[in-house]
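Student: Could you walk me through a few spots in this protein? I'd like to go piece by piece.

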Amino acid sequence: MYHNIQKIVDAIQNHYKISFIYEQSNKGNFNREIQPYYLFEYKRKPYLVGLVTQLKEVRYFKVQKISTVATMPIYSQPPLISFDQLIKEQNAFAASDCSLADVYDKEWVLRLQNLLEEKETQKDSKVQRLMEYYVNALKSEQLSDLEIDLNDHDFFHALAGAHCLELVEIQGSEYTLDSKFASEYVHWDKQLKRQPELSIHLGYPLQKAGTKKYVPILYFETIYNIENNSIKLKNNNPYINVKFMDEYTNFTEEDAKAYASDVLSNIKTLKDRSGKPNGLVDGGILFLHKSAVSQVKFLKELQDIGNKPNRKYLAPLKKIVETNFGIPKRPTYENVYSIVPMNMNQQDSVKHSTNDITLIQGPPGTGKTQTILNLIANAVIRGEKVLVASTNNKAVDNVYEKLIKKELFKGTLRVGNAKFREDAVKVIAKELKDIPKQPEEDMMELTEKSETLSKIIEEIQRKLHRIEEIRTMLKDVASSQMYLEGLLTENVVSISDFQMLIGIMESDYRTLDSQLNFLQALSAKISQKTTQTQKGFWKLLSSIGVQVETIFTNKYRKRISKLGVRNTYLLPYQKLESFHIELQNYISAIQYRMLGLKKDSLVEELQSYDEAKLKHDFTINQEKKCGTDKKILSVYDVKRQQLFPQEDKDFLAAKLSPVSYSSSENRPSKEKREFSFSDSTYFDKIIKLFPVYLCTNQSVPSCVPFDFEFDLVIIDEASQCTIPASLPAVKRAKRLVVVGDNLQLNPVVTVDENFDKNLLEKYQLHHERNSRKQPLYLFKNQSLFDVFDDTLEDPFRFFLNEHFRCHPDIIQFSNIHFYQRLKIMTKNSEGPIKGFVTLDVDTTNLTIDFSKKKYVNQYEFKRIIHFIDYHFNDIKHLSVGIITPLTKQKQFIIDSVKQLAETVEDDEKQQFYKRLIQEDGIGTVHTFQGGERDIIFFSTVISPGINPKVVKWMNQNTTLINVAVTRAIQAFIIVADLKYLGQAGGILKDLSLYAQKKGTPIETRDMKSVYQVTKSIYKQKNNPHVKELLNKGEQYFYDVLHQTIEKQYPDLKINFQMRVCDVIKIEKGNLSYEMYSFALRSHFDFILYIEDTYEPVAAFEYDGWYHRNDPKTISNDKKKDSLCENADFTLIRIPSTAKLSEQYLFAKLSPYLEEGETS
């Protein structure tokens, strides 16, 4: 830094040009070449001003962001404008706060150097550097990176330029939107509820970026009034679109801000200027984006954490900052309260939550929510204050609803954004008015009963666990016995010798164990002797005829005999090597015999347990304990009201009565802002009345005072929580329980990865690595769960291993490829559709347009709809979801289902499709994270012609597949070209192989036993060769049929002269040779097929004189009829004597096609 200042000073003195790298806070660094004019100090920060050579414009630079300065000995003109005039023209600096540096004064230069050193020393504290890094990373993510495709109507709403201009120019103006937006907002509202950090933004003006592609240059946060369907700006401060800055100009962030000001001041004319982009469009769009306003308090919180390095941080936060910080083991709960049933793993995790940090990995369906409820109960009953937080509202609401709706504990307050705080005020006011009831039960008696039941349950669990242990040990014993039996029968001469060998063994386990230890030690000694006999003195004795080895074998045989081992098998006078082999066989036989005795003992012990009775007793006692513990919690619920001080009650009642929150502006009205949840004056009283607090991570700074410490903080779905988003909650935790699953989806972070890594390196935080060799603190790829998963020791980590949700065949896929240690507790469900189901879409002869990143596979969607139509009665009462990994496919399916909901005539189907849309039944994998459906359709889109990068992306993001599979409860239906999917490699290949092995192939009526019609170009009507295929009567029939189809069924097309075996699946094993041979050589006259999918729906035979009079032709017709009947395929015969007309053919067709075969 010293050398950079000196080079700049030298350049100013000598009027030289300089080049340097300038660091941007949004994306990467830029090279700059300038003629330096002046150095100056502004608010204790040194700045450089000079003429940028490329742009021919004067710019200002923070010296702190300048690096790699190089002097260019090219003489340039001295500045033609004074420093005072430059500052006056630049609105960003207040002239009174600016001090021009005298570059010829050494003291001035030294002062600038000291200012820079002062900035550097402020970052010595790791926690400070970490907070600064996260603040800058979050700010960078806040800068939008948008490119708009106006075809995506569900994501953007277009506004005319005049309306945008009115909103921007006239502060506080409100514009009423059209009715179309009101219907679109229904979908947007669901996203806003799911992601509280989002808000509606106005992008204006737009920069043209290709056909129907636009980039909003500026964007403003808005307030939407749902009652009036109107919009207005929250404030008139615009944000800058990064894509505009980087892709369409060479602007820096400072350039863009200057241009933003220029655009706003001249927005009516939208004048182009030199160096500014052309193609501005006077129009705007509304879209959803993260709220910048909501971030302000959150970012300040992180800065406050970093600015207090001397504060004594609690263990959870300290563990994040200092990964080597040791966590002591605390005494566990003696009695674990359970207000909902728990298994041993859940109980164990709750029991050890007394530690400073506890990590609980809970795969899907293993009871994470039940565990959280019991964690809360155990803390509350012991008089502790609890915070439950997560990134999304869904996870928090799930816990809240369980506590409140099931009336487990009323002392629970749900806070968060302005709407939640408004509701919380009403809940507090109601609670203050309620008169507490006297507890009906005695707390001491209930506690004693709970402790007694705990001991009984623990004893039952111990026995049940022992049963599982014995079964596992018996499997291991059987496996070991099989190995030893194979080894012995291979080495021993005969089976009879083997039986004799086992027969001479002792029957006492301890004796055998003692003999085994002795013989193994002897075997090791003989190995050494064998080596000795080959050299030295022993070799000399052998050379003169002394039977050295026989001496040793007899000696060892006697020693074995003295031990009490029967040595009948160990013959005397052998070579030492032969004796050693027999000894090792004997050792193997002893081990085999010991395993047999162990097996007998284990079987005897297993038979001593009455497993059915134990399970029955466990269920009964657990129900009793849950009932008792609920009563204990309810007694505490009453006592918290009784013990709440009257003066606190009066204080809150007085303060709360006038408080209301404006739902339209998402903030308290001006005259009523005195009350604040984050003000300790109010919070300290509220937390006594509501010891359980629930909110999102983002809302913690707005709802909890900075210095308050919860006894227990629980962060749910922690694998979806970024590290910085979780820090406010972690910082307030005396004890922390982190619940999640790192094999589910990680949080979505939009910051540029290279920028993120450079920023991490800047703050010297890139050295610490996780188990995947990635930087531990990286904002882009690390979740809170990941950090503790990489830094916590085993005693503080727990795995919930009993799965209770999915059909066994469904969860088994995830168990094999992800978890390996789940115990599947679910049973095979009833019903025709269950487990893994395959809808194979053979795309061999189909063309799918994947150009321009249009990743849409319409054939997979049509296969789903065919399935729903055919199996509608089986699934109409079930919850159904359609998942796809790709956004374009999701949007295509949503649009298509909306159209179906409007056009389908069946009322039940119409309601079914409407529910799919209204209940978010169609989405990407991220949409369904944390949810579940009875039946899940998974449309992979992967087919020939797709970009290999898409396949690679899916194989790299294996958790996409895990999440998709584990959303299904009863049936997971994979819709894919399974053969092509199997060629994709990676997890996609695993999915294809598992589906083909375990999956049940289910056909729909119009797809059953029918191949897709191949594209036989030579058989089209306009082909000159058609005359060779059709006679005159058939040509006439074709013309009338073509006219009928074109008018009545435009989605159908006609092909002709198709072989029967090319339309109907012919399986040789199910047919006589005669029938099989006939199917291979015969053909259909005409085939009707669906144009989009090439799926056959019916065949026509135009029967002439021979079909009525020739015995052989009549026999062949019967064979063809039989083949079609067995294949459930429609064959319509038209006699040549019929008077052909469109009406006649329509009457013949309609009974079949109206059944839905073309839907």
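**A glutamine, a helix, some cysteines and a sheet**

Tutor: Let us start with Gln889, whose side chain makes a polar contact with the side chain of Ser939 at 2.9 Å; please keep in mind that this is a predicted model.

Student: Where does Gln889 sit?

Tutor: Gln889 belongs to helix H31, which covers residues 887–903.

Student: And is Gln889 buried or exposed?

Tutor: Gln889 has a relative accessible area of 0%, so it counts as buried. Setting aside neighbours within four places in sequence, Gln889 is in contact with Tyr855, Val856, Asn857, Glu860, Thr884, Ser939 and Val941.

Student: Switching to helix H27, how many of its residues are buried?

Tutor: Seven of the eight residues in H27, which spans 784–791, are buried, and the helix is mostly covered. The buried ones are Leu784, Phe785, Asp786, Val787, Phe788, Asp789 and Thr791.

Student: What covers the buried residues of H27?

Tutor: The cover includes helix H10 (315–321) and helix H25 (723–731), together with strands E18 (357–361), E24 (710–715), E25 (733–740) and E26 (797–799).

Student: OK, cysteines next. How many disulfides does a search of the whole structure find?

Tutor: The search finds zero disulfides.

Student: What does UniProt list for residues 443–477?

Tutor: The UniProt entry, which is unreviewed, lists a "coiled-coil region" there. In the model, residues 443–477 are 100% helix and 0% strand, with the end C-alpha atoms 50 Å apart.

Student: Last one, the sheet with E35 to E38: in what order do the strands come?

Tutor: The order is E35-E36-E37-E38, in an open sheet of four strands with mixed pairing. Strands E35 (1052–1059) and E38 (1131–1135) are at the edges, and each has a single partner strand, so one side of each is left without a neighbour in the sheet. Neighbouring strands are turned by 30° against each other on average, with direction ignored.

Student: How many bridges join E37 to E38?

Tutor: Strand E37 (residues 1096–1103) is joined to E38 by five bridges, and the two run parallel. Within this sheet, Phe1100 stands opposite Ile1132 in E38.

Conventions:
Residues numbered from 1 in each chain as written. Predicted model: local features only at pLDDT ≥ 70, side-chain atom pairs only at ≥ 80, totals over all residues. Heavy atoms only, no water. Buried < 20%, exposed > 50% of the residue type's maximum accessible area, 1.4 Å probe, protein only. Contact = heavy atoms within 4.5 Å. Polar contact = N/O pair within 3.5 Å; in protein donor to acceptor, adjacent residues only side chain to side chain. UniProt positions renumbered as here; feature names shortened; annotations may be inferred. Disulfide = S-S within 2.5 Å. Pairing = 2+ DSSP bridges. Axes fitted to C-alpha atoms, helices over the stretch in contact; angles between N-to-C directions.
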